[in-house]
Structure formats: structure tokens, C-alpha cells
Amino acid sequence: MHLRLSHKLFLLLLAPLVAALLALSAVTAFDLRSGFTDYLRQRDVRQTEYFADLAAAAIVRAGGVDALRADPATVPRLLAQMPRRGFGPPDGPPPPLGAPPPDHAPPPGLGPPPGTPPGRLRAALLTPDLQPWAGEALPANAPSRDVNVVVGGRVVAVARGLLAPAVPLGIELDFLRREYRHTRALALILGVLMALAAWLAARAWARPLVELRQATSRIAAGDFAVRLAPRGGDELADALHNINSMAASLGELEKTRRIWLAQISHELRTPLTALSGELDALLDSVRPLTIEAVESLREEVTRLARLIDDLHLVALADVRALPCQFAPDDAAAVVRQAAARFAPRAATAGLELVVAGCEAPVAVCWDTRRIEQLLANLLANAVRYTDAPGRIVLHAYREGNATVLDVRDSKPGVPPDRRIRLLEPLFRVEESRDRNQGGSGLGLSVCAAIARAHGGTVELDQSDLGGLRVCVRLPARAP
């Protein structure tokens with residue numbers, strides 16, 4: 001049989017409660033029985049002591065023991081002056097011989113059943129050497145108490161009273177039975193209440209776990225919109241918060257994956273459509289097969305190959321660390337060479353490319369090919385998106401144990417709400433303008449991947465020239 005968590009919690013809570021209740025009931029019943037027997041015997045002890053006081057007073061009034069021995073009704077008269085057992089304490093001095101018994105009768109309805117003898121002490125008077133001389137013959141093996149009857153400082157007789165048996169009888173037994181019934185009823189009521197409380201507590205504790213199981217099942221099935229309502233501030237509430245965060249993150253990842261697929265297919269379709277159109281024109285003799293036509297086809301193929309390489313690099317960096325081959329080099333020389341390659345292109349675009357801070361050698365341990373690719377992407381972006389006449393400043397310098405590559409350009413700038421997304425793959429500030437200028441939206445993403453592979457970071461900010469500032473911090477020796 002498969003037990004659910006709520007059932008296990010219920011049994012776990014109920015078992016110690018029931019065990020405690022049974023133990024408490026057993027101890028209560030035992031204490032009630034033994035304590036009640038002790039009470040009955042203490043009562044009979046006091047009754048026997050009171051009987052001895054009555055006998056001593058009677059002997060004094062009669063003028064000696066011998067005068068009482070001749071009267072067989074002595075003990076019955078003494079016992080008649082005693083109260084019924086259990087209905088009032090025999091306090092105070094004994095009454096005179098022949099006086100009516102004290103009024104300690106029970107209230108109506110609480111006395112012994114009709115037809116039963118009065119519940120008085122069974123007692124006898126004995127000689128000092130314990131020989132019976134007045135009263136009924138008591139069983140020899142029954143529990144009893146002997147009390148000396150002292151007159152004038154001398155023991156003249158012994159009062160023997162029969163104590164209550166270990167197993168109560170008569171009205172005492174009825175009292176115990178009634179108390180046992182009450183104890184069992186109370187234990188049953190408490191047991192039902194404890195079972196109900198344990199069931200409610202188990203359901204309350206198990207409810208978040210059930211919701212958690214249902215939520216994770218829906219998330220596993222692809223439903224990332226599921227959200228839980230955490231209650232309280234314990235570890236379970238933290239787990240529900242984490243499930244919500246996980247579902248939100250998975251939802252964003254799924255959304256990003258779909259956008260990626262749509263954007264990649266769109267980016268690949270553009271050069272392929274151009275290639276297909278030019279090839280159809282050549283095949284249909286609409287366009288003559290010339291060197292210019294072949295060069296145009298080659299440019300589209302080169303653009304497509306570059307796009308595929310960038311996509312592969314970004315995807316590879318997301319899956320695992322970008323493979324690099326580190327070797328000692330001079331960062332200043334790498335920066336100067338990159339600036340020299342892009343200077344003609346910048347001049348053609350009507351831009352001034354300035355290099356700063358690269359006079360002295362800067363020893364580093366980098367993958368020079370990757371850093372050259374990073375600088376090429378940064379400078380290509382600056383040249384592509386800076387309006388003429390404009391200015392581009394490439395600054396390389398040491399900052400602590402890091403080498404900083406700082407590229408700044410002039411207007412136009414990038415709004416802050418879009419600037420924070422420039423490192424996302426395939427993101428463009430202006431879709432049509434960027435694509436017409438040859439941008440794929442992967443340049444800065446590739447730079448970020450290369451920087452991460454070297455243990456560095458890429459930061460974007462507003463340039464003091466009015467455009468964009470890209471700050472790449474790389475450790476002198478990559479980890």
C-alpha cells in the first residue's frame with residue numbers, strides 16, 4: 001500500500017500522541033485504584049483510633065474494664081456512636097456513652113443502596129495480650145489495625161479495626177467503576193481531538209509539498225508560467241520562492257531560445273536570398289557573368305561565413321569555455337596593429353581614429369588571435385555606427401593587475417534602456433539601419449565571450465565624445 005506524505009505525517013504525529021494518552025490513562029487508572037485503596041485504609045485507621053477513644057471513655061465511665069466485659073452490647077453501642085465510613089471525619093472528642101450517633105449521614109441519593117447494612121467499621125475489643133473479649137470475630141487473615149486503649153497511662157485493652165480490602169467492594173467498587181468509565185470516555189474524546197488535530201496539521205504541512213510536486217510536474221512538461229504562493233518564512237517557503245524563480249528563468253530561457261531560432265533563421269535567410277537571387281539572374285541570363293557578379297557572390301558568401309562563425313563562437317561560449325591558446329605578447333603592439341588595419345577604413349568613412357596610451361610595451365599572456373578579433377569587432381562597430389565627421393579613440397592602459405582596452409566614439413549615442421541589451425546576441429538598436437550597414441548583432445556578444453574566456457569583463461557606458469564607450473578589462477595573465 002502506497003502511503004502519501006500527508007498520511008505519513010498524520011501517523012507520525014498521531015502515534016506519539018496516542019502513546020502519551022494511553023500511558024496517561026494507565027497511570028491515572030493505577031493511581032486512582034491504589035490511591036483510593038490507600039484512602040479507604042487510612043479512613044479505617046482513623047475510625048479504629050476513634051473507636052479506641054470511645055472505648056477508653058466508656059471504660060472510664062463504667063469504672064473499669066471488668067464492668068464492660070459483662071455487657072455483650074458494649075461494642076455495638078460504641079459502634080453505633082461512630083459515623084458511617086466515608087461521610088465526614090470523626091473529629092473532636094468522643095460523645096458520651098448512649099448518646100445518639102453523629103449526624104454524618106450522606107446526602108439523599110449518595111448513601112448505600114436500600115437494604116444494605118450501614119457502612120460502619122467492623123471492630124472488636126481485645127485484652128492487652130490480644131485475646132478477644134467483646135465484638136464480632138474478625139477474620140484472622142484480613143488486614144486490620146490494632147490501637148491501644150489507654151486509661152490512666154495504662155493499656156487496658158486493644159481496639160482492632162478491620163481495614164478495607166485491597167480490592168474495593170460495594171459502593172467503593174461502584175465509585176471506582178464510575179471513575180474508570182469517566183476516564184475512558186475522556187481518553188476517547190481526547191484521542192478523537194488529537195487525531196483531528198494531527199490530520200489537520202499533516203494536511204497543512206503537506207499542502208505546500210503537494211503544490212510543489214504539481215508545479216514541478218507542470219514545469220517538466222514545459223509549462224513555465226506556473227507560480228506558487230509561498231506562505232510563512234521557513235525553508236519550505238524559500239523552496240517555493242526558488243521554484244518560482246526557476247520557472248521564471250526557464251521561461252526566459254525558452255523565450256530567448258525561440259527568439260534565437262527566429263533571428264538566426266532570419267539572419268541566414270538574408271544572404272542566402274541574395275545569393276539565390278543573383279544566381280537565378282546569372283542562370284536566366286538576366287545578368288551577365290562578369291568579374292563584378294562573381295565578386296558580389298563572393299561578398300555574400302563571405303558575409304554568410306562570418307555570420308556562421310560568429311554564431312558558432314557565441315554558442316560555443318555558452319556551452320563551455322571558449323578554447324584559447326595563451327602565449328606571452330605585447331598588448332600595446334596588438335592595439336597599434338589593430339588601429340593600423342582600421343585607419344584606412346575609418347578615414348574612408350570620414351572618421352578620425354586616435355590611439356592613446358600604447359607607447360610603452362605592456363606584457364600580457366593572451367590568446368592574441370582572439371584579442372585581435374575582439375578589437376576588430378569593437379573598431380568595426382565604432383566605424384559602422386559613428387556619424388561622419390566623427391572621432392574614435394582607442395585607449396590601452398594598465399589598471400592594477402588588469403589591462404584595459406577602452407574604445408570611445410562620437411555621436412550618435414545609444415539610449416540607456418537599449419545600451420544594457422547590446423551584449424545580447426543578435427540585438428540591434430535599429431534593425432533596418434544596422435542590417436543595411438552590414439551588422440549582424442553578434443559583434444559585442446563575441447567580444448563578451450572572448451573577454452570571459454580570458455577572465456575579463458565588458459562594460460558599456462556613455463562616451464564623453466557623445467557616443468558609446470566600450471571598456472574591456474582583461475587580466476595580464478589569463479587564468
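User: Which strand does Asp-406 lie in?
Analyst: Asp-406 is in strand E9, residues 402-410. Strands here are DSSP runs of E with at least two residues, and helices are runs of H or I with at least four, both numbered from the N terminus. This is a predicted model, where local features need pLDDT of at least 70 and side-chain atom pairs count only at pLDDT 80 or more, while totals for chains, interfaces and linings use all residues. Residues are numbered from 1 along each chain as its sequence is written, and side-chain values use heavy atoms, with hydrogens and water left out.

User: OK. Is Asp-406 buried or exposed?
Analyst: Asp-406 is buried, at a relative accessible area of 0%. Buried means under 20% relative accessible area, exposed over 50%, and partly exposed in between, using a 1.4 Å probe and protein chains only.

User: Which side chains does the Asp-406 side chain make a polar contact with?
Analyst: One is Arg-408, at 3.2 Å, and another is Arg-469, at 2.9 Å. A polar contact is a pair of N or O atoms within 3.5 Å; within protein, one must be able to donate a hydrogen and the other to accept it, and residues adjacent in sequence count only if both atoms are side-chain atoms.

User: And what else does Asp-406 touch?
Analyst: Leaving out residues up to four places away in sequence, Asp-406 touches Val-393, Leu-394, His-395, Tyr-397, Arg-469 and Val-470. Contact means heavy atoms within 4.5 Å.

User: Switching to Arg-43: where is that one found?
Analyst: Arg-43 is in helix H1, which covers residues 5-62. Arg-43 counts as buried because its relative accessible area is 11%. Its side chain also has a polar contact of 3.2 Å with the side chain of Asp-44.

User: What about H8, what should it span?
Analyst: Helix H8 (residues 368-385) has 18 residues, so at 1.5 Å a residue it should span 26 Å, and its end C-alpha atoms are 26 Å apart, which agrees. The expected span is 1.5 Å times one less than the number of residues. The buried residues of H8 include Arg-370, Asn-377 and Asn-381.

User: In what sense do E3 and E4 pair?
Analyst: Strand E3 (residues 144-151) and strand E4 (residues 154-162) are antiparallel, over 8 bridges. Strands pair if DSSP finds at least two bridges between them. Arg-145 has Gly-161 in E4 as its bridge partner. The two strands form a hairpin with 2 residues between them, and Gly-152 in the turn has a positive phi of about 65°.

User: Last one: how many helices and strands in the chain?
Analyst: There are 11 helices and 11 strands. Of the chain's 479 residues, 37% count as buried.
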